[in-house]
Amino acid sequence: MADTKSGRFASSSAAISPLVQSPENLECKNFQEYLRTRQTPETLEKLYNYPPICLAVYRELPEIARQFVIRILFVDQPVPQAVVTSWGAQRVAKEQMEATSCLTALCVWRVTAIPGGLAAWELSPTFKKSVRQVLLGGGKPWAMTNTLDKDSKPRDITFLDSYAMSRWRCVLHYMVGTGGRNGGTDAEAISPDAVRILLHANLMKRDERDGITITRQGFQFLLLDTRAQVWHFMLQYLETCEERGISLPECLSMLFQLSFSTLGRDYSSEGMNSQMLTFLQHLREFGLVFQRKRKEGRFYPTRLALNVTNKDAAQASTTADEERMQERGYIVVETNYRVYAYTDSQLQVAVLGLFTELLYRFPNLVVGVLTRDSVRQALRGGITAEQIVSYLEQYAHPNMKLVESAIQSKSCLPPTVVDQIKLWELERNRFTYTEGVVYNQFLSQNDFVTLRDYAQSINMLVWQNERTRTMVVQKNGHDDVKRYWKKYSKSGG
Amino acid sequence: MEIPDVAASKEAEASIDLLAIVLDTNPSQQIVRQNPQNLTQILEAVIAFGNAHLMQKAQNKLAVLSCSHYTTEFLFPLPGRHVELRQIDGQYEAFSLVEKTVKQQLGSILMNAPRLSAPCESLLAGSMSMALCYISRLQRNVPAGVKMHSRILVLTGSNECASQYMTYMNVFFTAQKLGIVVDTCALDKTLSLLQQGCDITNGQFLKVNQLDGLLQYLLWVFLPSPQMRHKLVLPPTPKVDYRASCFCHRELIDIGYVCSVCLSVFCKYSPICTTCHTIFKTPGPLPVKPKKKKKTDKQI
Amino acid sequence: MADDEQDDQKEYRWETGYEKTWEAIKEDDDGLLDGAIAEIIQKAKRKRQADKTKQNRLGMMRHMFIVLDCSESMSVPDLKPTRLLCTLKLLEIFIEEFFDQNPISQLGIIALKAKRAEKITELTGTSRVHLKALAGLANVSLTSEPSLQNGLDLALKTLKVVPSHASREIVIIMGSLTTCDPVDINLTIDELKRERIRCSVISLSAEIHICRYLTQQTMGTFGAVLDDAHYRDQLLSQVDPPPAAKTQDNSLIRMGFPHSKNEVEGKDAPLSMCMCHIENIDEPSELSTTGHHCPQCNSKYCELPVECQCCGLTLVSAPHLARSYHHLFPVPNFEEMPYESVPPAAPDCGSLRKCYGCIKVLSPVTDKSVFKCGYCKQFFCIDCDIFVHETLHACVGCNTIPGVAGLVYQKQGGKAASKAAGNMQQQQQQHQQQQAQMQLPSTSKQRSQFNM
């Protein structure tokens, strides 16, 4: 008979066993993870028929993997595995193994046997062909590069930037709920398609009382930088595109063609089928491309579409001049926890209000202070300290960055403030006390598993450990569980 | 142990890699005189290699210089030159741009070349100094917080020219100071000066014996960036001999005499320096110690 | 005293050199002065560069003592954080630059503590020892007054026995306004003058007559600092070799060129311990195969240049000598011209004007003046001009255009250059013979792998 002990049982809220429910956080996948988790080997083969996708996959690989692939790109026979292993130095064996497993998981190469019986690696033929095409030429040109007449009214990069940001902000405003209400300039509502995607991505939820409101993950999404937001959004879109009848490979291929295009150049939309044109219209709504009229044969990719998977490339490619034209950082954080934001945008003020206490509001300046309460409120809402810190760093005023280069620290924020925010988060790791009853010394594993699952089903399980066959049940559920146990032991094992 | 590696590789992924290729297009090189097709082959390999470098990361940059017998010029990038380019095949348009620009520009250089009456040397050291100016300009304009690593690859089939010694040494010391790695791919002869340069700047030196596999050699040895070369197994660097040779007999010496004014090296003492004509103070006669006679010998 | 002042009227560089400086400093649009000060420093740099090219004989092998004032006045915080800490930081930079530009020279440090002089490091040719000693000086307690004469005497004692072909120098960094000397300092000054030791003074407070007199008598330079940027500038101006004193002896110095023995014998080198760490308690000598062996007595050393402890031979390698060549053959100054004088490039390049060195497109707004090399007649932007003269020491145009008369200036000093170069041909032939025997094993393996 199982032994029961009652008493107070303390648990640390940080260590949560997998069966107990924990609140969900926003998961942002990068392209590699997306491919690995979502796509089967057959779909990957189909995807590799498109050169732009192969180029994107190549750039996503870890560095050692890239070197291996390029070395065997021009070799026709399979290469023995022992030879490939010998290419890496001894001390980075672990990294090398990670690279090989990554290449296998993505079906970039596969194992074959060569005469002599040795196991060898061979690049997937479609992948090899596509990458060779991208590098050296041959094959068909990409869909959107037909020759165009010169545009009578060409658009320059400044215009494209402002267009892209205003469209994207529409989406964000909608999420925060400030769009349209105050009659501001960004009063355009977004299309039902976009709302559907937001709902699917769990960034907003449909409530009977309030209509459509923002969720916990939605808050976390707002704190991401623009590039990560766009990518996450596009991933969600890709998941729903099969339902709309758009083929995934074509969609991905189009997305990556845009990603590798040159900023400021126009491209032709001639020869695209209706699905792709629909996709283009959606992109136009989100601000990734600019098109003057729906029927027009040309479009301009904007900065949001470029290098959509890779944040570093975008940062590295802006020169000092261009930085001025783009969104400048506007937040100054002082060592006395005061936050000064030189902005008048409703959205930015609303986001700041999530984790700071706003004190004063001027036409071009908002002053707030980071207090324990304001940060804890944000933490309760599901935002992590890491996200708050990275948001502040990302939008830091250029003067803060000058300080950084002078004292050569990693972050431009004052270290005291950063540490304090993290401490406030750690403070929340408290002991919580739950009155409960301990069940242990089960005679068989089956007994344990049955009883545990029953307790789980009536939501009375607090903690369990399969190895030691111990579990803890809440005090008020103890009677139910005891009754069930008696019934179970009488009936069967 | 792992955490600094992970942080270092993340930083490496975010940084810009600039590759400047200095290509020797002098028609008086032996490999070109033997068979003019060789130059085309080398050019194709170089273009493919440059594109492979650009393929690694979206933020990588490329520059190609051609060192000919009458001029040194940039083949890529060409500021102010607007090339309207649409894809004609599956090649990524950035790579097509590189290929077209390089071929066009090199074609015009070779067309405008004056007739070659006698073999002339390639002014490689000067080309490298031009590459250094370009790299330092890019380095100045990099946005705050972004790191840029640069390297120079020299591809040549010429003999080394002794008269460029000073410029070579200045180039190597400058590269060492700025943290720029100099790699060399020798197509024909062994080049000891460039080998010294690779040693000083921690670069790779490779002598390729057959041109057929040139692209594969380049991809193997020179494509990985210097920060990750320690993770791969690459040809070992032979030890470079840094001995000086004397000015009178041109022989390598272990111990020599150095003039304090012009720093020229001699193997034996002479009262006048033959290069700067300074007269040296002759050392006085060495003081001689009076010998103490051994009494024991004489007495017996 | 009055006569001195009259004669010296023109020589107070920091007074008349910047005539009516309050007029020179103008606020720019934002009310900041930084730009104006930066321009003043830039002008002083160019003037120094212009002076540099006039000398042809320089003291390449230098023995320098740094005499550092460690008295109470060094704790004044007018240079952040204190004068001493600021000085130590700048000295670190100075030492690195000094050994970079003068690889075959030697440096030593003396500190003036509480009316006595203490030798912190002996004259050595490697920077590591000095950097470590400087780190130790940060914690010293600063009390009472310095004694200039004691410091000079201590330096004098060591510099007297240094061979006469090397230039002997002392750089004094004074923070205090007084000095506490045992005997008449003029005796020391006379002896310094006799021994042809060049003394320069950098004063952190104000100009002191005796320091000015000292530098005048010994042909040195005197400077007083305005702020830390100016201080850095003054200190780094000491890195350049001084003009060789007319009576400096020239002689042939015996030097050794170590090389590794592996290649010659074909076997692995034996394990041995190095001589440079043998008496070092903190980092003792380790058994290893790599190192530089003295050709005379075969003792091993880790770094070059070094003076062999056993046989007294100076050991260097050829690149060390080559590093100093650019002082002997500097690039002549470029002529400053207005933007319009640059000829536009060919029409197919868009008729743009480009800098020859870095192919930057020149615009009339940012490049008001461009720089032209007198020999190759090419135009350079201001950044390339600074880069060529301060770091690269080779004109891009003169080295890429064949047959340019500009190569003449290299040939002037230049028999040395061609002889140095003649070395290379010889070395090259020898290397070719050696390398023909040695095949790099991995490349042949790679080739066989891919059946190329």
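Chain C holds an open sheet of 6 strands, ordered β3-β2-β1-β4-β5-β6, in which the pairing is mixed. The edge strands are β3 (116–124) and β6 (222–224) of chain C, each of which pairs on one side only. This is a predicted model.

- Strand β5 (residues 197–203) of chain C runs parallel to β6(C), and the two are joined over 3 bridges.
- Within that part of the sheet, C:Val201 has C:Phe222 in β6(C) as its bridge partner.
- Helix α5 (residues 83–101) of chain C packs on the sheet and touches β1 (62–69), β2 (106–113), β3 and β4 (167–174) of chain C.
- The direction of α5(C) makes about 175° with that of β1(C).
- As background, strands of a sheet pair through backbone hydrogen bonds, in either the parallel or the antiparallel sense.

**Cis peptide bonds**

- Most peptide bonds are trans.
- In chain B, the bond from B:Phe76 to B:Pro77 is cis, with omega near -5°.
- B:Pro77 sits in the loop that runs between β3 (72–76) and α4 (93–111) of chain B.
- In chain C, the bond from C:Lys80 to C:Pro81 is cis, and its omega is near -15°.
- The loop between β1 and α5 of chain C contains C:Pro81; β1(C) and α5(C) are also the strand and helix whose directions make about 175°.

- Most residues other than glycine have a negative phi.
- C:Lys115 is not a glycine, yet its phi is positive, at about 65°.
- C:Lys115 is found in the loop between β2 and β3 of chain C, and β3(C) is an edge strand of the sheet.
- With a relative accessibility of 42%, C:Lys115 counts as partly exposed.
- C:Lys377 is likewise not a glycine and has a positive phi of about 60°.
- The loop that holds C:Lys377 lies between β13 (369–372) and β14 (379–380) of chain C.
- C:Lys377 has a relative accessible area of 48%, so it is classed as partly exposed, given that exposed means over 50%.

**Nonpolar cores**

- The largest nonpolar core comprises 167 residues.
- The residues with the most contacts inside this core are A:Ile331, A:Phe355, B:Phe49 and B:Leu214.
- Helix α3 (residues 37–56) of chain B gives the most to this core, contributing 11 residues.
- Leaving aside residues up to four places away in sequence, A:Phe355 touches A:Leu223, A:Leu370, A:Ser374, A:Val375, A:Ala378, A:Ile388, A:Tyr391 and A:Leu392.
- Another core, of 122 residues, lies apart from the largest one; among its members are B:Leu132, B:Val240, C:Leu148 and C:Phe380.

**Annotated spans**

- An unreviewed UniProt entry annotates residues 419–486 of chain A as "domain: Transcription factor Tfb2 C-terminal".
- Residues 419–486 of chain A are 46% helix and 29% strand, and the end C-alpha atoms of this span lie 53 Å apart.
- For chain C, UniProt (unreviewed entry) places the feature "domain: C2H2-type" at residues 373–393.
- Residues 373–393 of chain C are 52% helix and 10% strand, with the end C-alpha atoms 13 Å apart.

Terms used. Residues are numbered from 1 along each chain as its sequence is written. Chains are lettered from A and ligands numbered from 1 in the order in which they are written. This is a predicted model: local features need pLDDT of at least 70, side-chain atom pairs count only at pLDDT 80 or more; totals for chains, interfaces and linings use all residues. Side-chain values use heavy atoms; hydrogens and water are left out. UniProt positions are given in the numbering used here, feature names are shortened, and annotations may be inferred rather than shown by experiment. Helices (H or I, at least four residues) and strands (E, at least two) are DSSP runs, numbered from the N terminus. Two strands pair if DSSP finds at least two bridges between them. Contact means heavy atoms within 4.5 Å. Axes are lines fitted to C-alpha atoms, for helices over the stretch in contact, and angles run from 0 to 180 degrees between N-to-C directions. Buried means under 20% relative accessible area, exposed over 50%, partly exposed in between (1.4 Å probe, protein chains only). A nonpolar core is a set of buried Ala, Val, Leu, Ile, Met, Phe, Trp, Tyr and Cys residues joined through side-chain atoms within 4.5 Å.
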